Each structure stands twice: as structure tokens, then as C-alpha cells.
Amino acid sequence: MSRMSSPIEQVRERLSSACRVTVLTGAGISADSGIPTFRGPDGLWKNFRAEDLATPEAFTRDPALVWEWYNWRRELLATKEPNPAHRALVSIEGKMETRRAQFHLLTQNVDGLHGLAGSRNLIELHGNIWEVRCTGCGAVTEDRRVPIPIPPYCSSCGKMLRPHIVWFGEMLDSDDVSRALESLEHCDMMLVIGTSGVVQPAASFASTARSAGAFVVEINPDASSGAAHVALRGRAAEIVPLLV
Ligand code: NAD
Ligand code: ZN
């Protein structure tokens, strides 16, 4: 590695020889697909904050209101496509597979764009907006209706359906968390893309990887997690393709 190489070249070089890479993405990676982050200026709906709608309490109080908000978000997401950052992660996964290295992608996003782009070793920590779960029998099914009838009911038991999403104040799926932690404790390199590091437990993931010896790279136009060795400042759709 030459002393004169740029931070991006250094990261690319490390990535090309890493044996176990874990990537964590947040709303920022989908911002370049035209999907607003919650905390960005376009994240509001009818003056409600996401934190007041994406909760079990809000759903108990007024399920129709919560479903209306999800219909708004579904409508917004239905037309959106993966951007060059999502696709670059698919290429990185493919290259790593070819040289028998391990790749794990952890996302906080619920938009399904990583899956649509073709990522395979993917953990959707907060669920997926295109899946619904029955509040009665617990069955999880894909449901891409836009708009979904309000409120939607389970076709097998007749109870109300809810979005299959981990809401504020709810626990993450414990299998997902163990698989995520396993990948963080054993990776030699971690990329943190487009997440502000305020939503737990994902916020602590970078520190977990760093403590376990990983080289941590952050890609974000703003400063965020303090745990990174290198920060590449810029939009995900511009920076991530440069790492392939
Ligand atoms: P967040 O806390 O992950 O913050 C967004 C981050 O993205 C910020 O640090 C911002 O600086 C960065 N960012 C903005 N534009 C970027 C770009 N072009 N490239 C790279 N980084 C960029 O996300 P949030 O919006 O506060 O949402 C919190 C939670 O809500 C998420 O963890 C997720 O579960 C959910 N959410 C999901 C989606 C989605 O699925 N697309 C969208 C909004 C919110
Ligand atoms: Zn049911």
C-alpha cells in the first residue's frame, strides 16, 4: 500500500483482501433512491413523527392511523429502486464469495431494496415493510398491496394484521441478533453505511466489531459513530461503488 494512496484506495485494498466483512446499513443508503430518512426534512407525515406512529402503543390506540401511515410509506416505496450503493454491495458479496471469503449484510432498513438488488446473506434487523404479521395466529406473509385495506385482516384466523416491522420499544428477533453479533465478533472489516448510530442495538455494532479487532469504515456525509478508523464523507451512491 503506497503512502500516497487516498483513503478510498486504502479501504478498497483492505476490502479486497479481507476474509470476513460485515456491513451495516441505515436509512442513508436508501436516501439516494429517493427515500427520506426519518430524521431528514422529508420524514414527516401530517405533522406526525415516526417515533409517535411506529410503536405498539400507537397501534393499540389507533390501528387505522398507523396503517394509513404505512400506506403512505408503501406508496412512497413502491416506485423506488436500488441505487448504485445497493448494487455495489451485491458485487462485493459476489467477489468475496468467489474467493471463499465471508460477507454479511445487516440492515436497519425496511424498504426491501437490498433484497431487490440481489443481496443474499442479508439480515433485515427491523423487518420488511412488504411483510405483514397476524396479531392473532402470528403468521407472517408477504403482502405488496398498495394501498392495503384498512385495517387488514388475516385470511386464516380473521384477526387484524400488523406490519412485520420492529417498532420503537420492541425487541429485535433474537436469532437475527445472535447471527448479527456472531458476524461482528468475527469480522476483520466492517463498513457502516448511512446510519446515524442513534438507534440501538445497531448503534453499538461498530464498537462491538472494533473491540473484536475489526477495521471499521464509516460512509456518511455527516459525522456519526465515533467507532470508525476511517470516515469516508460523501453520499453512499457515490462512495460505495468506488470500493468495488
Ligand atoms: P438513521 O438514524 O439511520 O440516519 C440516517 C443517516 O443517513 C444519517 O446519519 C445521515 O447523515 C445519513 N445519510 C443521509 N443521506 C445519506 C446518503 N446519501 N448517503 C449516506 N448516508 C446518508 O435513520 P433514520 O432516518 O433516523 O431512521 C431510523 C430507523 O428508521 C432506521 O433504523 C430504520 O429502521 C427506519 N427507517 C427506514 C427507512 C428505509 O427502510 N429506507 C427509512 C427511514 C427510516
Ligand atoms: Zn391469523
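Me: How is the protein split into domains, and where do the bounds come from?
Reply: Domain bounds come from an automatic or database domain assignment. Here the assignment gives domain 1 as 7-35 + 81-126 + 172-243, and domain 2 as 36-79 + 128-165. Taken over C-alpha atoms, the centres of the two domains are 26 Å apart. Keep in mind that this is a predicted model, where local features need pLDDT of at least 70, side-chain atom pairs count only at pLDDT 80 or more, and totals for chains, interfaces and linings use all residues. Residues are numbered from 1 along each chain as its sequence is written, chains are lettered from A and ligands numbered from 1 in the order in which they are written, and side-chain values use heavy atoms, with hydrogens and water left out.

Me: How many residues of domain 1 and domain 2 are in contact?
Reply: Contact means heavy atoms within 4.5 Å. By that rule, 13 residues of domain 1 touch 11 residues of domain 2.

Me: And what area is buried between domain 1 and domain 2?
Reply: Buried area is the accessible area (1.4 Å probe) that two parts lose on being put together, summed over both. For this pair it comes to about 930 Å², with carbon and sulfur atoms giving 59%. On the domain 1 side, Ile-35, Val-110 and His-126 supply 50% of the area buried against domain 2, more than any other three residues.

Me: How many salt bridges cross the interface of domain 1 and domain 2?
Reply: The rule asks for a side-chain nitrogen of Lys or Arg within 4 Å of a carboxyl oxygen of Asp or Glu. Across this interface, it finds zero.

Me: Is Glu-218 buried or exposed?
Reply: Buried means under 20% relative accessible area, exposed over 50%, and partly exposed in between (1.4 Å probe, protein chains only). Glu-218 is buried at 2%, whereas Arg-233 is partly exposed at 41%.
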